[in-house]
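Please open the structure in your viewer and keep the selection tool at hand. This tour names what to select at each stop and then describes what is there.

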Amino acid sequence: MESYDTVIIGAGPAGLNAAIYAVRAGLSAIVLDGKTAGGLVAESPAIENYLGFSSIDGMKLSAKFKTHAQHYVQIKEIEPVTDIIRKEDVFLVKTERGEYSAKTIILATGSEHRHLGIPGEEEFSGRGVSYCSTCDGFFFRNKEVLVVGGGNTAVGDAIYLKGVGCNVRLVHRRGSLRAEKALQDKMFSMDIPVMWDSELVEIYGDSKVKGVRVRNKKTGEISDVAVDGIFISIGEDPNNDLAKNLGVKLADDGYVIIDRFSRTNVPGVYAAGDLTGGVKQIIVAASEGAVAALSAYEDINNPYWKKDEGSVEGFEI
Amino acid sequence: MEQLIDEESRQELKEKFQKEMKRPVELMVFIDPEDSEHKDYSDFSVQISKELAEIDDRIKVKVFNKGDPECEKYDVSRFPSILIDPDSGYKIRYTGAPAGQEGWGFVETITLVSRDDPGLLPVNAEKLRGLSKDVKVQVYVTPSCPYCPMAVVLANKAAIAAKGKVMAECVEAYENPDLADLYNVSAVPQQVHNDGALISVGVQPEDKFVDDILKS
Ligand SMILES: Cc1cc2nc3c(=O)[nH]c(=O)nc-3n(C[C@H](O)[C@H](O)[C@H](O)COP(=O)(O)OP(=O)(O)OC[C@H]3O[C@@H](n4cnc5c(N)ncnc54)[C@H](O)[C@@H]3O)c2cc1C
């Protein structure tokens with residue numbers, strides 16, 4: 001079995017930056033990803049808030065991350081981790097293809113698109129309902145589409161889809177947007193209308209989406225809106241299964257709790273990036289990854305949990 | 001056209017090919033020089049193939065034009081198309097340029113073909129080796145879809161395991177909207193087996209992907 005000082009799970013910005021810092025510190029490391037390296041960054045149509053790049057598309061930035069990290073570390077893609085088991089002083093990391101042993105684990109599994117959970121959503125997924133505007137926007141050019149949400153991702157999606165040539169409207173359940181001002185200004189300058197205080201209650205169609213039923217939260221009125229596509233950008237839920245199995249403490253919303261050293265409550269297990277909640281930005285994910293790797297290095301050489309057997313002294317939340 | 005693969009990536013690819021390739025692989029690129037609408041895609045397909053050949057001389061490139069007898073011989077009617085090592089019996093083709101995200105899957109497939117290695121879990125490779133019928137697996141993609149190459153590589157791996165039986169075709173939807181419309185593609189990746197006998201959307205787990213082929 002291959003053994004490493006640290007096995008990093010997830011090859012988004014958090015995991016890849018953790019890998020660079022771990023190897024440069026002198027640790028042996030490997031990165032495993034169930035999909036492809038780059039993580040969610042690759043889905044972003046335009047990134048304008050990552051230091052050093054005034055505007056770069058997500059695909060290019062994620063490719064740069066991957067190439068940079070590959071100078072230091074082996075990245076195994078399409079190798080989802082199915083379980084991690086603690087065995088005395090080491091962790092056994094299980095994947096579909098094999099097992100790895102690790103002194104420490106860095107969890108950087110990010111998050112998944114949240115679903116609305118309304119009738120028709122699953123049924124029409126891939127037939128008009130989409131969670132990735134860069135992937136699927138092209139199929140809706142010159143067609144009517146709704147973007148659901150009010151954060152950066154939703155507004156970014158609306159801007160992207162308008163640029164591709166879709167007739168876009170944003171639907172938001174509140175009376176104001178959470179998205180940063182620069183994005184809002186850009187969206188309004190492109191004449192993208194917003195349906196305020198509105199929520200989708202149903203998606204309907206035949207072989208593909210024909211429309212949605214929308215409820216106005218203020219008046220309670222329900223109306224039918226004919227659309228061809230619905231892009232759902234209402235946030236993400238953490239990929240926390242592995243963390244849960246390891247006994248890592250989660251907050252009420254399911255995100256992993258870490259201290260300022262990116263340590264979890266379980267000795268030798270660190271977490272970084274979107275998995276830990278918060279502002280969910282690339283630069284934050286990358287920085288937490290760096291901290292996690294340096295803490296792993298520190299703890300391998302000087303385990304805090306051995307100073308005072310059993311307790312997790314130094315763990316601050 | 002300026003260089004498509006930058007110096008840093010060339011170095012990475014050189015090392016990858018040196019480490020992972022075993023035997024030469026031939027890329028056959030089919031273009032229609034008269035078709036101005038697809039000119040950029042055709043230029044891209046020729047150039048990316050030639051740049052890969054510059055990086056490792058075991059990658060060989062042949063370019064054919066619409067009307068050449070090879071179009072009929074290899075059953076090519078859409079331009080550009082790239083066939084990967086068809087003379088060794090594999091049926092792996094890109095209908096449309098392997099641009100954007102598709103690049104890495106294209107490179108991955110070249111190295112797998114060069115090792116004659118399906119790269120699937122042994123049980124799945126075994127199941128496919130026993131396939132007795134012909135199955136066409138099309139994967140519809142867009143160049144901006146980060147998950148699409150995973151589906152394409154799975155199809156290509158199946159075509160390596162079931163040599164000559166599974167035909168894997170990566171269809172780039174921007175360039176082939178008529179085909180995409182035919183199957184109502186509105187989300188990618190979308191798999192279409194045997195011209196519509198089975199349709200699935202999204203990247204499938206390897207086991208399900210293989211079982212779908214066996215079922216088709
Ligand atoms: C459309 C969109 C636009 C965005 N735009 C911006 C922007 O402009 N600026 C910005 O700063 N941020 C943006 N973000 C947010 C940014 O993408 C995330 O904050 C960042 O990607 C988080 O990085 P991460 O490494 O924590 O997780 P991710 O990037 O989500 O990576 C996690 C990785 O873990 C892998 N994984 C999960 N479970 C397992 C498992 N069991 N085994 C193996 N691997 C696993 C996943 O496959 C994935 O590759 C955007 C997000 C979206 C969706």
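Predicted model: local features only at pLDDT ≥ 70, side-chain atom pairs only at ≥ 80, totals over all residues.

Residues are numbered from 1 along each chain as its sequence is written, chains are lettered from A and ligands numbered from 1 in the order in which they are written, and side-chain values use heavy atoms, with hydrogens and water left out.

Select chain A to begin. Its secondary structure comes to eight helices and 17 strands, where helices (H or I, at least four residues) and strands (E, at least two) are DSSP runs numbered from the N terminus. The radius of gyration, taken over C-alpha atoms, is 21 Å for chain A, close to the 20 Å that the globule rule gives for 317 residues, so the chain is as compact as a globular protein of that length; the rule itself is 2.2 Å times the number of residues to the power 0.38. Of these 317 residues, 51% count as buried, a word that means under 20% relative accessible area, whereas exposed means over 50% and partly exposed lies in between (1.4 Å probe, protein chains only).

Next, select Lys66(A) and Glu77(A), which form a salt bridge with their closest N and O atoms 3.2 Å apart; the term stands for a side-chain nitrogen of Lys or Arg within 4 Å of a carboxyl oxygen of Asp or Glu. Lys66(A) lies in helix α2 (residues 58–70) and Glu77(A) in the loop between β3 (74–76) and β4 (81–87), so the pair ties together parts that are eleven residues apart in sequence. Lys66(A) is buried at 16%, while Glu77(A) is partly exposed at 22%.

Now move to chain B and select Arg10(B) with Glu54(B), whose side chains meet in a salt bridge of 3.0 Å, N to O. Arg10(B) is in helix α1 (residues 7–20) and Glu54(B) in helix α2 (residues 39–55), 44 residues apart. Is each residue buried or exposed? Arg10(B) counts as buried, at 12% relative accessibility, and Glu54(B) as exposed, at 55%.

Finally, return to chain A and select Arg173(A), Arg174(A), Arg178(A) and Lys217(A), which form a positive surface patch. Such a patch is made of residues with over 30% relative accessible area and no salt bridge, like charges being joined within 9 Å, and Lys and Arg count as positive. Arg174(A) is found in the loop between β10 (167–171) and α5 (181–189), and is partly exposed at 40%.

Conventions:
Patch = residues over 30% accessible without salt bridge, like charges linked within 9 Å, V, L, I, M, F, W, Y side chains within 5 Å. Areas by Shrake-Rupley, 256 points an atom, 1.4 Å probe, with all protein chains shown as cover. Charge placed at Lys NZ, Arg CZ, Asp CG, Glu CD.
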